[in-house]
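I opened this model to take notes on its metal site, its helices and its sheets. The entries follow in the order I looked things up.

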Amino acid sequence: MSELLPIIQLGNSILRQKASLVENINDERIQKLIDDLMTTVAKANGVGIAAPQVAQSCRLFIVASRPNPRYPNAPEMEPTAMINPKIVAHSTEVVKGWEGCLCVPGIRGLVPRYQEIEVEYTDRNGKLQKQELTDFVARIFQHEYDHLDGIVFLDRLESTLDIITEQEYQKQVINNT
Ligand code: ZN
């Protein structure tokens, strides 16, 4: 049975650590962590979650884009565990888009990210995967990848003027799209 994990919040030093590589993907604790993260991200209306967000400082995250109340326009995909991920190439084009974070409740920011990235990761079966990701899914990957290096989306903002509250986000952004 997978369980709902508590999500730590900004201020917890684990969120600022560089996470370590996952050595053994077949370890049942890693497989259980993947199941638990998938349950947790769905329940929290997230579109991605990284292991450090549940106080596990290892290089693993879930990308699980789908429309939900926090991201009504997100594209639908199968939730995917990405282990020891890397960004191997990226576009020169950078786009700004709204992000939130389960560790930073109540706040949204307009974050610049590469529009397209080429990534590699190991999947939960131990197979190396290479993919090109664009737009919102590329944004999720970059956000989660940052968590593995102790970076949060607030660090990427160009200006504090690009921060708004969740309430204003719901009013201004979601209701106008
Ligand atoms: Zn986050």
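**Zinc site**

I started at the zinc ion: its protein donors are Cys101 through SG, His143 through NE2 and His147 through NE2, at 2.1 to 2.3 Å. I kept in mind that this is a predicted model. Next I checked the spacing of the donor residues along the sequence, which reads C-x41-H-x3-H. Cys101 belongs to strand β4 (residues 94-101) and His147 to helix α2 (residues 135-148), so this pair ties together parts that are 46 residues apart in sequence. Are Cys101 and His147 buried or exposed? I found both Cys101 and His147 buried.

**Helix α1**

I moved on to helix α1, residues 28-43. Its 16 residues reach 23 Å from first C-alpha to last, close to the 22 Å expected at 1.5 Å a residue. What caps its N-terminal end? Asp27 does: one of its side-chain oxygens lies 2.8 Å from the backbone nitrogen of Arg29. After α1 comes Asn45, and I noted its positive phi, near 60°.

I then listed buried positions in α1. Ile30, Gln31, Leu33, Ile34, Asp36, Leu37, Thr40 and Val41 are buried. What do the buried residues of α1 pack against? I found β1 (48-50), β2 (60-63) and β3 (80-90). α1 lies across these strands, β1, β2 and β3, and runs at about 35° to β2.

**The five-stranded sheet**

I traced the strand order next. An open sheet of 5 strands runs β1-β2-β3-β6-β7, with antiparallel pairing. The edges are β1 and β7 (128-134); each has a single partner strand, so one side of each is left without a neighbour in the sheet. Neighbouring strands here are turned by 40° against each other on average, direction ignored.

I went through the pairings one by one.

- β2 and β3 are antiparallel, with 4 bridges. Val63 stands opposite Thr80 in β3.
- β3 and β6 run antiparallel and are joined by 5 bridges. Lys86 faces Glu120 in β6 as its opposite residue.
- Strand β6 (residues 116-122) pairs with β7 in the antiparallel sense over 7 bridges. Ile117 stands opposite Leu133 in β7.

Which strands of this sheet does α2 touch? I found α2 packed on the sheet, in touch with β1, β2, β3, β6 and β7. The direction of α2 makes about 105° with that of β3.

**The three-stranded sheet**

I found an open sheet of 3 strands, ordered β4-β5-β8 and paired antiparallel. β4 and β8 (163-165) are the edges, each with a single partner strand, so one side of each is left without a neighbour in the sheet. The twist from one strand to the next averages 25°.

How many bridges join β4 to β5? I read 7, between β4 and an antiparallel strand β5 (residues 104-114). Within that pairing I picked out Lys96, whose bridge partner in β5 is Pro112. α2 packs on this sheet too, touching β4 and β5, and its direction makes about 60° with that of β4.

I looked at Arg139 in helix α2. Is Arg139 buried or exposed? Its relative accessibility is 8%, so Arg139 counts as buried; the cut-off for buried is under 20%. Where does its side chain reach? It comes to 2.9 Å from the backbone oxygen of Val95. I then listed what Arg139 touches, leaving out residues up to four places away in sequence: Val95, Lys96, Gly97, Trp98, Glu99, Val111 and Arg113.

Ala138 also lies in helix α2. I read a relative accessible area of 0% for Ala138, which means that it is buried. What does Ala138 touch, not counting residues up to four places away in sequence? I found Tyr114, Gln115, Ile117 and Leu133.

How values were computed. Residues numbered from 1 in each chain as written. Predicted model: local features only at pLDDT ≥ 70, side-chain atom pairs only at ≥ 80, totals over all residues. Heavy atoms only, no water. Donors = N, O, S within 2.8 Å, 3.2 Å for Na, K, Ca; no water. Helix = DSSP H or I, 4+ residues; strand = E, 2+ residues; numbered from the N terminus. Buried < 20%, exposed > 50% of the residue type's maximum accessible area, 1.4 Å probe, protein only. Expected span 1.5 Å × (residues − 1). Contact = heavy atoms within 4.5 Å. Polar contact = N/O pair within 3.5 Å; in protein donor to acceptor, adjacent residues only side chain to side chain. Pairing = 2+ DSSP bridges. Axes fitted to C-alpha atoms, helices over the stretch in contact; angles between N-to-C directions.
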